[in-house]
Amino acid sequence: MPLSGKPAPTSLQVGSEAYFIYNNVLQKAKIVSTSTEVTNPNSDSSGVTKTIYHLEGFSRPFESEYLFSSYQLLLTYQSTLVGILIDFPGLTPSDPLE
């Protein structure tokens with residue numbers, strides 16, 4: 001079955017800066033190129049699109065879910081993750097994670 005639909009445009013474009021965490025350090029780098037991978041894991045007409053970014057100064061590619069268009073969006077994302085971990089029902093900081 002052929003895939004249907006088109007890839008959605010992203011907020012990150014070639015030439016713009018992306019904010020991300022790399023080796024536990026906040027980073028900012030210019031996007032030099034992008035590529036798109038489309039897979040069909042369910043063997044039907046609904047494909048899964050993954051956007052890959054190549055950043056200036058980094059040899060490895062980055063997936064879109066790890067990049068943010070502003071420093072503030074990155075901080076908001078990190079704060080949300082920390083809040084979820086803190087508010088996880090039944091989990092206290094002294095509980096071992098198994």
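# Notebook: strands, core and rings

I started with the surface: the accessible area of the chain is about 7,400 Å², and carbon and sulfur atoms hold 56% of that. I note here that the model is predicted. Next I looked up burial, and 14% of the 98 residues of the chain count as buried.

**Entry: layout**

I listed the elements and found 1 helix and 4 strands in the chain. In sequence order they give the pattern β-β-β-β-α. I also looked at contacts between residues with a separation of 6 or more, and 42% of these in the chain come from residues 24 or more positions apart.

**Entry: the sheet**

As background, strands of a sheet pair through backbone hydrogen bonds.

I then went through the pairs. β1 and β2 run antiparallel and are joined by 6 bridges. Within this pair I found Y19 opposite K28 of β2, and F20 has Q27 in β2 as its bridge partner. The hairpin of β1 and β2 has 2 residues between the strands, and N23 there takes a positive phi near 55°. β2 and β3 are also antiparallel, with 8 bridges. One residue I checked was T34, whose bridge partner in β3 is Y53.

**Entry: the core**

Which residues make up the largest nonpolar core? I count 9 residues, namely L12, A18, F20, A29, I31, Y53, L55, F62 and L67. Two or more of them come from each of β1 (17-22), β2 (25-39) and β3 (48-55).

I followed F62 further. Is F62 buried or exposed? Its relative accessible area is 4%, and the cut-off for buried is under 20%, so F62 is buried. Leaving out residues up to four places away in sequence, F62 touches F20, Y22, T51, I52, Y53, L55 and L67. The charged end of R60 sits over the ring of F62, at 4.3 Å from the ring centre.

**Entry: aromatic rings**

I counted ring pairs next and got 7 aromatic pairs. For F58 and F62, the ring centres are 5.7 Å apart and the planes stand at 85°, so I logged the pair as edge-to-face. The rings of F68 and Y77 have centres 5.0 Å apart and planes at 40°, so this pair went down as tilted. I also noted a cluster in which ring pairs link F20, Y22, F58 and F62.

**Entry: F68**

Where is F68 found? I located F68 in the loop between β4 and α1 (71-87). F68 has a relative accessible area of 14% and is buried, whereas its ring partner Y77 is partly exposed at 37% relative accessibility. Apart from residues up to four places away in sequence, F68 touches L12, E17, A18, Y19, L73, L74 and Y77. I also checked the distance from F68 to S11: the two are 57 residues apart in sequence, and their C-alpha atoms are 8.5 Å apart.

**Entry: E17**

I ended on E17, which is one of the residues that F68 touches. E17 is found in strand β1. Its relative accessible area is 39%, and E17 is partly exposed. Which residues does E17 contact, its neighbours within four places in sequence left aside? I wrote down L12, K28, A29, K30, F68 and S69. For E17 and L67, 50 residues apart along the chain, I read a C-alpha separation of 9.5 Å. L67 is one of the residues of the largest nonpolar core.

Terms used: Residues numbered from 1 in each chain as written. Predicted model: local features only at pLDDT ≥ 70, side-chain atom pairs only at ≥ 80, totals over all residues. Heavy atoms only, no water. Core = buried A, V, L, I, M, F, W, Y, C linked by side-chain atoms within 4.5 Å. Buried < 20%, exposed > 50% of the residue type's maximum accessible area, 1.4 Å probe, protein only. Contact = heavy atoms within 4.5 Å. Phe/Tyr/Trp six-rings, centres within 6.5 Å; stacked < 30°, edge-to-face > 60°. Lys NZ or Arg CZ within 6 Å of the ring centre and 35° of its normal. Areas by Shrake-Rupley, 256 points an atom, 1.4 Å probe, with all protein chains shown as cover. Pairing = 2+ DSSP bridges.
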